[in-house]
Amino acid sequence: MKKLPIGIQSFSNLRKGDYLYVDKTADIHRIVTGGHIYFLSRPRRFGKSLLISTLEELFKGNSELFEGLYIYDKWDWTQSYPVIRIDWTAIQHFSKEEMERDMSVFLKSLANSYGISLFSEYASGMFRELIENLYQKTGKKVVVLIDEYDVPILDAIGKPEMEGVREFLPNFYRQLKANDNCLRFIFLTGISKFSKVSIFSALNSVNDITMSEKYVSLCGYTQQELECYFAEYIEETARKYGETTETIVDAIRNWYDGYSWDGETSVYNPFSTLLFFENKVFSNYWFGTGTPAFLMELFTKRNDLSVLLQPVHVGSDAFESWDPDLVTEIPLLFQTGYLTVKGQKTVDWEPEYTLEMPNREVRMSMQNHLLFAYTSYPLENVNGLRKAMQRQILLNDMEGLENSLRKMLAHVPCQLHGKSEAYYHSIFLVWMSMLGFNIQGEISTSRGRIDAVWEQAGTVVVAELKYGAGKQTESLLDEALAQIRDRRYCEKYIDRPIKLLGIAFSGEEIACRTEPI
């Protein structure tokens, strides 16, 4: 079996080291022969850096690396081009001064490798000089490849450093437009498409192929690719578990497949898939490497988890560039990989997309981290408490459920106790989703909104949560159950057995009660 390319982002190292490579050069050939400047957004750990490296080796004319691949006999290897490749994860960017200094050092070093001297005072001027001098010296137009272009923006969101980012980036990227006659090809990758502070404010001709049907499988593995390229690993895993290959493939699909940008073609997360085949253990591999801290902060501030618990329907404007000063959940969750396109249809001649979490790995990991963000409950203890609460709910053990909720909330910082009903509502929804129930929150009816509904063992559970600082929990439970009855929340589920659940929070006091309809 070929070695698994875990952590390898260099196409040269991958090919020379005889690692497994899923051939994406048919898509690459369409890109390099069909346009001039492209942008591709994909979540972290999705192979963007390997794609950039592959483009670099292609334009440099290193034909020996492409033997046996689709593009090998379709590319003119007599032509090579000077390449400027910028990886923003390798450039210090936590202030304008750091960006100026580190980018200047990088550009001077790259210029020296081509025997060119740079004299401009600022990095933007050096960038312009380097492009112009490379074109004049080689007689060939220059290729510019920019990986993770938005890293400085993502790291500065909500921080004073954003002002320096605003000043630096548009001036830097504007040099591409000013030197268009010297450029052969430009390709940029990132997570998010930002306006005002990035290349999209400096250039107006970028072909954004993020949602293009032609390139939905450019990064990630399709089902066909998984079963073809990883056949030996699948068989080896099946032997370990004593299962058929079909059973193993279904399990891998459930855990790591499901990312889509058109609602039809889905792909596996390559990072998680490779680590699974390496370890042969189903686990959450990707989440911890790609979770912006500000995303957790956003949820805990706004106390709205509805976008994670039920399908979201949006128009195409949800995927357009956005201002980092106006961060909203849906485009951020989509671009960072926590929501993906599960369906697409046309409404009044415009596309409408249905977004949901892609797979089990993302769903379980997001819930674990949200629980920790809300309660500080140790993640290593989550599984035990999860199983206990599931058993208590199934057996109507309200005393046990109260004790479990107390145990969980004991880790909430004291200044957060009694914050709001919405706060405890969010915690409850996260917990129930983690328990494996298909829970829905904030269900609208003609008489109001149901806090939570789910089905277990053929019975529909209709839950209402009440909070009141200083109130008796028994009184709050009376209010919760009375509200379910008075507003006829159960009418839409009347064709099935129904159970009512009231949960009360009063400061650090918790109580639960179930009743039949």
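Select helix α5 (residues 123–138) and helix α7 (residues 162–178) in this predicted model: their axes come within 9 Å and cross at roughly 15°. Helices here are DSSP runs of H or I with at least four residues, strands are runs of E with at least two, and both are numbered from the N terminus. Axes are lines fitted to C-alpha atoms, for helices over the stretch in contact, with angles from 0 to 180 degrees between N-to-C directions. α5 and α7 are therefore roughly parallel to each other (under 35 degrees; over 145 is roughly antiparallel, 65 to 115 roughly perpendicular, the rest oblique). The crossing of α5 and α7 is right-handed (the near helix is turned clockwise from the far one by less than a right angle; anticlockwise is left-handed). Show the side chains next: A123, S124, F127, R128 and I131 of α5 meet F168, N171, F172, Q175 and L176 of α7 (contact means heavy atoms within 4.5 Å).

Residues are numbered from 1 along each chain as its sequence is written. Local features need pLDDT of at least 70 in this predicted model, side-chain atom pairs count only at pLDDT 80 or more, and totals for chains, interfaces and linings use all residues, while side-chain values use heavy atoms, leaving out hydrogens and water.

Now move to helix α10 (residues 231–241) and helix α12 (residues 270–279), whose axes come within 9 Å and cross at roughly 50°. That angle makes α10 oblique to α12, and their crossing is left-handed. At the contact, Y233, I234, T237 and K240 from α10 meet F276, F277 and N279 from α12. Rings of Phe, Tyr and Trp (its six-membered ring) pair if their centres lie within 6.5 Å; planes under 30 degrees apart are stacked, over 60 edge-to-face, and the rest tilted.

The count of aromatic pairs comes to 29. One of them joins F46 and Y259, edge-to-face, at 4.9 Å centre to centre with 75° between the planes. F46 lies in the loop between β1 (37–41) and α3 (48–59) and Y259 in strand β6 (residues 259–260), so the pair ties together parts 213 residues apart in sequence.

Is F46 buried or exposed? F46 is buried, with a relative accessible area of 1% (buried is under 20%, exposed over 50%, partly exposed in between, with a 1.4 Å probe and protein chains only).
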